[in-house]
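Colleague: Thanks for sitting down with me over this one. Could you show me the sequence and the structure, and then take my questions one at a time?

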Amino acid sequence: MKLADMGWDDFFAEAFAPYEKDGLKPARVICELRHAYALHTGEEEILGECRGKLLHSASSRSALPAVGDWVAVRPRPGSGRMDILAVLPRKTKFSRRAAGEHGHEQVVAANADALFIFVALDRNPNLRKIERYLAVARQSGAEPVILLNKADLNTDPDLAARAVRAIAGEAAIVVLSAETGRGCNLLKPWLKRGKTVALLGPSGVGKSTLVNRLMRDEVQIVQEVRDQDAKGRHTTTRRELFVVPSGALMIDTPGLRELQLWASNIGDTFDDIAAIALKCRFSNCKHHTEPGCAIRTALESGELPRERWDSYHKLRAEQAEMKRHLAARPDRQEKIVWKKVSENLRARYRFDARQD
């Protein structure tokens, strides 16, 4: 296998040039383990650990490697491991705000060319949740693709697809069944050699089932969803990158219980609302009681569904709150979180050094 087979291209080669002069080698993060990272150098898989300046000067958890990242490494003499000394700039980054009071940035997948957003058709699609995923996906820089999975469990998947298409904008929509294989051939345009796709969605939507089908092997454990609420059991517990037989690279992720915005711009996800607002009589219309309000007219006529308008307001308020969160620190809350993380990491590495 060559570096190009792992997604290496001119963008990363240019970013790596200064490290090459120092005798370092490039590697891609294929799995984040508890005490290390699994890396692929294009020749072999090997474990790596953050060391030196990268570990001690990182200003936040998001500055450390995530699955899909390219890193600069060098062998650690006598250990059979690599020292990770730098993270190369990211082409794309799917991030969310982590749960908790101080909510730091969590990078779910790095350097993906496309994002497969899973929606299970064993129940009615949650259009509001899809809008949220699209907002974050479009901010990432990767192409969003909506996968309407479990079509074999839906009596009218085409009807569900039409409902999703009404709010999906330019995002591609694929109806399939990872369990039976129906429609999986439609994914070929995104599953090309050296291209990376990340699988996203809540637990139980069939991400690992698709990985197993495309890998033609049981590489991911799959469990049945609960009958009482159709929710999955979070079988996948870590993010991991696989190379499928087509040569594409696939990042499987644990089910996301929630997806809070980090620095997302929701505008592109609601371009239909923006187009209607342009017809308002006043450019600064608040869409409340102003005369000539096109938004109110569209709501009254049904052209603009009330649920979509409410979803827009909810995400817009969350976006504004996130901006206040980032501006109020500056970086104070991130440092609070990072201080705890870095202290744990450094203590762990001191322990590992004693064991060596």
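Colleague: Let me begin with D9: what is its relative accessible area, and does that make it buried, exposed or partly exposed?

Modeller: Happy to start there, and please keep in mind that this is a predicted model. Buried would need under 20% relative accessible area and exposed over 50%. D9 falls between those limits, so it counts as partly exposed, and its relative accessible area is 24%.

Colleague: Which residue forms a salt bridge with D9?

Modeller: The closest N and O atoms of the pair are 2.3 Å apart. The partner sits in the loop between strand 5 (81-87) and strand 6 (93-97), whereas D9 is in the segment before helix 1 (10-21), so the pair ties together parts that are 82 residues apart in sequence.

Colleague: Is E49 buried or exposed?

Modeller: The side chain of E49 meets that of R76 in a salt bridge of 2.8 Å, N to O. R76 is in strand 4 and E49 in strand 3 (residues 45-50), 27 residues apart. R76 has a relative accessible area of 14%, which makes it buried. E49 has a relative accessibility of 1%, so E49 counts as buried.

Colleague: Which residues are linked with E49 in a network of salt bridges?

Modeller: By the rule used here, the model has 14 salt bridges. The pair of R76 and E49 is one of them. The network that holds E49 also includes R51, R76, R81 and D83.

Colleague: Why is strand 11 described as largely enclosed by the rest of the structure?

Modeller: T196, A198 and L200 point one way from strand 11, while V197 and L199 point the other way. Both sets are buried. The strand is largely enclosed because the buried residues number five of the five in residues 196-200.

Colleague: Which residue stands opposite V197 in strand 13?

Modeller: Strand 11 has pairings with two strands that we can go through. With strand 8 (residues 114-120) the sense is parallel over four bridges, and I117 has L200 as its bridge partner. Strand 11 and strand 13 also run parallel, joined by three bridges. The residue opposite V197 is M250.

Colleague: In strand 13, what is the bridge partner of F242?

Modeller: Strand 12 (residues 240-243) and strand 13 (residues 249-252) pair in the antiparallel sense over four bridges. Their hairpin has five residues between the strands, and G247 takes a positive phi near 100° there. The bridge partner of F242 is M250.

Colleague: Turning to helix 4, how far apart are its end C-alpha atoms?

Modeller: Helix 4 covers residues 157-168, which is 12 residues. At 1.5 Å a residue, the helix should span 16 Å. The model agrees with that, since the end C-alpha atoms are apart by 16 Å.

Colleague: What arc around the axis do the buried residues of helix 4 cover?

Modeller: The buried residues are P157, A160, A161, V164, I167 and A168. They lie on the same side of helix 4, because they cover an arc of only 125°.

Colleague: Which residue follows helix 4 with a positive phi?

Modeller: The phi of this residue is near 60°. The residue that follows helix 4 is G169.

Colleague: Where does pLDDT stay under 50?

Modeller: The mean pLDDT of the protein chain is 83, and 82% of its residues reach 70 or more. Where pLDDT is low, the predicted coordinates should not be read in detail. One such stretch has 43 contacts beyond four places in sequence, and another has eight. They are residues 218-236 and residues 348-356.

How values were computed: Residues are numbered from 1 along each chain as its sequence is written. This is a predicted model: local features need pLDDT of at least 70, side-chain atom pairs count only at pLDDT 80 or more; totals for chains, interfaces and linings use all residues. Side-chain values use heavy atoms; hydrogens and water are left out. The expected span of a helix is 1.5 Å times one less than its number of residues. Buried means under 20% relative accessible area, exposed over 50%, partly exposed in between (1.4 Å probe, protein chains only). The arc is that of the directions from the helix axis to the C-beta atoms. Two strands pair if DSSP finds at least two bridges between them. A salt bridge is a side-chain nitrogen of Lys or Arg within 4 Å of a carboxyl oxygen of Asp or Glu. pLDDT is the predictor's confidence in each residue, from 0 to 100. Contact means heavy atoms within 4.5 Å.
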